[in-house]
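Work through the exercises below with the sequence and the model side by side, and try each task before reading its solution.

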Amino acid sequence: MSEPELLQPGDYLHLIRLFVNKGDVFSIETDVPDVKRDYILEYLASVMSNPLIQAKVLSSRFAGQLFYETVGRFVLECMHQVKFASQRVSGEREQIEKTKEWSMQKKRGNWQSLVKSIADKHEEDGFDIDFLKKRFQRDGWTDPENWEMLRHEWGGALDRHVQQKMKEHLEKKKSLVAKSLQQQLGHTQKLRNEGVSEEEALQAWSMMEGQWTETEFEKKLNIVRIQNQYPEIGDVAKRMGRIADADGKDRLTTQTGRSMQLSHSSGSDIEGVGIGRDLNALMPMEWAQYTDRDMEKLFIHKYMTSKLQVFHYKSEIAKPARRLRSERASRRGPMIVCVDSSASMSGVPQKIEASLLAKLEQTAETLNRDCFLIDFSIGIHPIELRSRRQKKSMERMGMREEDQENFAKGVFPFIGGGTDAQKMLNLTFALLDNNDDRYMNADVLWITDFLIPRTDKELMLRFKEYQKTGTKFYGFKIGDGHSDWEQYFDKVYEIHYVPFRRY
């Protein structure tokens, strides 16, 4: 027997997001006509139709984000209540199914006690015991249609029971939510009076854990406002990323096909299949996995652990052959950001990094741009910034998932020791070579003090290869150290800071 028909959590959140972004208020009759009575939808329609709420939410992006998370948290809480109530009656749902296996003897001896026990529990849920008694009397208990009707009525009573529990929870809590929402939206006017911009508020809020405190918000705001001290942060965020556009001034070279070219041998050079990370020798099934967004993170994990299935060649000199075309470009495309989290970046550099990343996260979300973060020191930690930002928002609303390997929480884990560029470069180039066009020709940004040992010559030469096909490499150098990495970058921004004094 099925449980009450509700929308999925993402469907409710999508309706809230449409209201926040566009002011769209859905109609239950026309927009979701196939859904049975849904108290969550009725609540959302009521809240969104409130003109005072509309005026506040639609006049401020920050107010919109607070509305989205406050109301979204309540919706998810109601769904958790439904899940809990459904678990409470799961035993009865199993009993419904077991009645299909009853023998005629068991049906004859137990139908009366069964109907009575159901009525004792669910008479208030609309279970009609008198109607069913009439159907089962005399030899009615022998009719399979009557048993099917019993199962149907029993399951319907369970559905109504679960819905009622959710309704009671919603009615009990919605006044508290209204009060919380009023307090949350009140912050927007206060911040505006204090001269905090929308963008600053959004960035500071995204760094918090969802519980508003003045002191915590002030701490995050101070990190965000480092951008005022170093205007280079805003400059590099504007420069990063391009997409094809007829009015743009720059050229964006794109790949129109992929094939494998062997310099000194033919396709018969294949000797077998093995495990590794050579992207030029990947089996087709691995490429197919990476083009599937649901499987992409698994591909990256297998790449980093050298567990991809690859062809083995006698010559081992397979190289990618590209066919390229040029289009004009504007700066609104994908980004790959490499962040140095080695010990030399702790302290002030760490705060500058955090401020720049907050700016890039906000930029990526506002402009709907893909942004991949590679946190590197002696190892690498890949994070998709937009996914992480969305996941943190989900967590603030109470949607808990098992910790996932490719997501990081809070600040970067600064590790003592040196910095290894080879792993970071291998992953960067793997993303640039990706055949689904998601990060191909992305602009690459390094945030580091550039006190990084040079890696092998072959990797260094690949900088120039990617630049020829349109990729831009930018550096954001924090500190006064000297290095010769600059020659490989299109532009390097330099930040000079005063270290904290300790007495």
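Buried means under 20% relative accessible area, exposed means over 50%, and partly exposed lies in between (1.4 Å probe, protein chains only). The model is predicted, so local features need pLDDT of at least 70 and side-chain atom pairs count only at pLDDT 80 or more, while totals for chains, interfaces and linings use all residues. Residues are numbered from 1 along each chain as its sequence is written, and side-chain values use heavy atoms, with hydrogens and water left out.

**Exercise 1. Salt bridges in and between helices**

Task: Locate the salt bridges of Glu 216, Glu 171 and Glu 214, and state for each where the two partners lie and how exposed they are.

Solution. Begin with the criterion: a salt bridge is a side-chain nitrogen of Lys or Arg within 4 Å of a carboxyl oxygen of Asp or Glu. A search of the whole structure on this basis finds 11 salt bridges. Helices (H or I, at least four residues) and strands (E, at least two) are DSSP runs, numbered from the N terminus.

Step 1. Glu 216 forms a salt bridge with Lys 220, and their closest N and O atoms are 3.5 Å apart. Because the two residues are 4 residues apart in helix 11, about one helical turn separates Glu 216 from Lys 220. Glu 216 is partly exposed at a relative accessible area of 26%, whereas Lys 220, at 18%, is buried.

Step 2. Glu 171 is bridged to Lys 174, with 3.3 Å between the closest N and O atoms. Both residues belong to helix 9 (residues 144-193), where they are 3 residues apart, about one turn of the helix. Glu 171 has a relative accessible area of 42% and is therefore partly exposed; Lys 174, at 33%, also counts as partly exposed.

Step 3. For Glu 214 the partner is Lys 190, the closest N and O atoms being 3.1 Å apart. Since Glu 214 lies in helix 11 (residues 214-224) and Lys 190 in helix 9, this pair ties together parts that are 24 residues apart in sequence. Glu 214 is partly exposed at 41%, and Lys 190 is partly exposed at 38%.

**Exercise 2. Aromatic pairs**

Task: Describe the ring geometry of Tyr 43 with Phe 74 and of Phe 372 with Tyr 439, and say which parts of the chain each pair joins.

Solution. Rings of Phe, Tyr and Trp (its six-membered ring) pair if their centres lie within 6.5 Å; planes under 30 degrees apart count as stacked, over 60 as edge-to-face and the rest as tilted.

Step 1. The whole structure contains 20 aromatic pairs by this search. Tyr 43 lies in helix 3 (residues 39-48) and Phe 74 in helix 5 (residues 61-88), so the pair ties together parts that are 31 residues apart in sequence. Both Tyr 43 and Phe 74 are buried.

Step 2. Phe 372 and Tyr 439 are likewise an edge-to-face pair, at 5.8 Å centre to centre and 80 degrees between the planes. This pair links distant parts of the chain, 67 residues apart: Phe 372 is in strand 7 (residues 371-376), and Tyr 439 is in the loop between helix 18 (421-432) and strand 9 (443-448). Both Phe 372 and Tyr 439 are buried.

Step 3. Ring pairs also link a cluster whose members include Phe 376, Phe 429, Trp 446, Phe 450 and Trp 485.
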